[in-house]
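This briefing concerns a single protein structure, displayed below. The points that follow are grouped by topic.

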Amino acid sequence: MVQRLISATAKEIKQMTKEELFQSIKASEGRVVLSENVVVQASVAGDITCAELSKAYGADMILLNAFDVNHPVVVAAYEGQYSAETCVPNDEVVNRLKELVGLPIGMNVEPVDDSVKLESTKVEIALGRQASVETFKKANQLGLDFILLTGNPGTGVTNELIAKNVKIAKEHFDGIIIAGKMHSAGVDEPVVSLKSAEQFIEAGADIVLVPAVGTVWGITDAQVKEVVDLAHSKGKLVMSAIGTSQESAQPDVVRQIGIRNKVLGVDIQHIGDANMGLVGIENIKELSDAIRGKRHTVARMARSINR
């Protein structure tokens, strides 16, 4: 049997297949913490990556935001490359990050709908961040363990296009596929619904993303619970997301969100990238402590990448 992710060493994680990684998450029984990092921003430490900080505070998985497969850089992954301006694109950067943290690494991929009318200012993003056959193939080549089909604020990502691109991703990407929204991404549609969850699962998503209850205005326990029940009945998993900058809120807010969504049965708890500044980095640990206790938190923080 595969080792559960919350207890797995770097060596065990490195050897996991897609199916084994999925099972290791499932076996962790709702106690997996995923930290999102903006790859073009420096960490507060300057000469180390945000991924290393995340691991140091208890994260089990790392999600790269603003990662461009055509211009693959992660600030501070290499010596002397401590800002986006000094980074040199390198197709080995994902493998380098795995060497530094010993954790599964994924990226956001955004299915942008240029025809949709937005409720906010349109944010243009590079083609290497957008969903396409080329992006999925390159994500594979770079060695990513999972992708998240979702949308950053104002990018115009729709649930319909997420579902369509899950099917395409299944054909060209070998890792775990997560699908869903953390917030509206500027589009006037339900952020989470049983209908969209069904579409993602039918298209082949392994994990459905929902906003954590307590983050997106109007999202109820009942809405999230019905998605969790549906996904689990189909043999799939669910990830809740703190993607509304509340990752930098008071620790008690993060603890409450963690417990509330664990009660609903989510399998992974995502904590967003707005906590990577001087305020909020400790909230990764607060979330971890809340949903699995200090024993597992300290074990993840202390476990050497050489094990």
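**Briefing: salt bridges, helix packing and backbone features**

A salt bridge (a side-chain nitrogen of Lys or Arg within 4 Å of a carboxyl oxygen of Asp or Glu) joins the side chains of Arg96 and Glu99, with an N to O distance of 4.0 Å. The structure is a predicted model, in which local features need pLDDT of at least 70 and side-chain atom pairs count only at pLDDT 80 or more, while totals for chains, interfaces and linings use all residues. Residues are numbered from 1 along each chain as its sequence is written, and side-chain values use heavy atoms, with hydrogens and water left out.

- Arg96 is partly exposed at 28% relative accessibility, whereas Glu99 is exposed, with a relative accessible area of 54%; buried means under 20% relative accessible area, exposed over 50%, and partly exposed in between (1.4 Å probe, protein chains only).
- Lys98 forms a salt bridge with Asp145, and their closest N and O atoms are 3.2 Å apart.
- Because Asp145 lies in the loop between α5 and β4 (146–149) and Lys98 in helix α4, this pair ties together parts that are 47 residues apart in sequence.
- Asp145 is partly exposed, with a relative accessible area of 23%, and Lys98 is also partly exposed, at 23% relative accessibility.

- Asp60 lies in the loop between α3 (50–56) and β2 (61–65) and Arg300 in helix α10 (residues 283–302), so the pair ties together parts that are 240 residues apart in sequence.
- Both Asp60 and Arg300 are buried.
- Over the whole structure, the search finds 15 salt bridges.

**Packing of α5 and α6**

- Helix α5 (residues 133–142) packs with helix α6 (residues 159–172) at an angle of about 40 degrees, and their axes are 9 Å apart; axes are lines fitted to C-alpha atoms, for helices over the stretch in contact, and angles run from 0 to 180 degrees between N-to-C directions.
- This angle makes α5 oblique to α6, since angles under 35 degrees count as roughly parallel, over 145 as roughly antiparallel, 65 to 115 as roughly perpendicular and the rest as oblique.
- Val133, Phe136, Lys137 and Asn140 of α5 make the contact with Asn165, Ile168, Ala169 and His172 of α6, where contact means heavy atoms within 4.5 Å.

- Leu53 is placed in helix α3 and is buried, with a relative accessible area of 11%.
- Apart from neighbours within four places in sequence, Leu53 is in contact with Ser43, Val44, Ile48 and Ile281.
- Leu53 and Ala76 are 23 residues apart in sequence and 12 Å apart in space, C-alpha to C-alpha.
- Ala76, in the loop between β2 and α4, has a positive phi of about 80 degrees although it is not a glycine, and Ala76 is buried at 6% relative accessibility.

How values were computed: Helix = DSSP H or I, 4+ residues; strand = E, 2+ residues; numbered from the N terminus.
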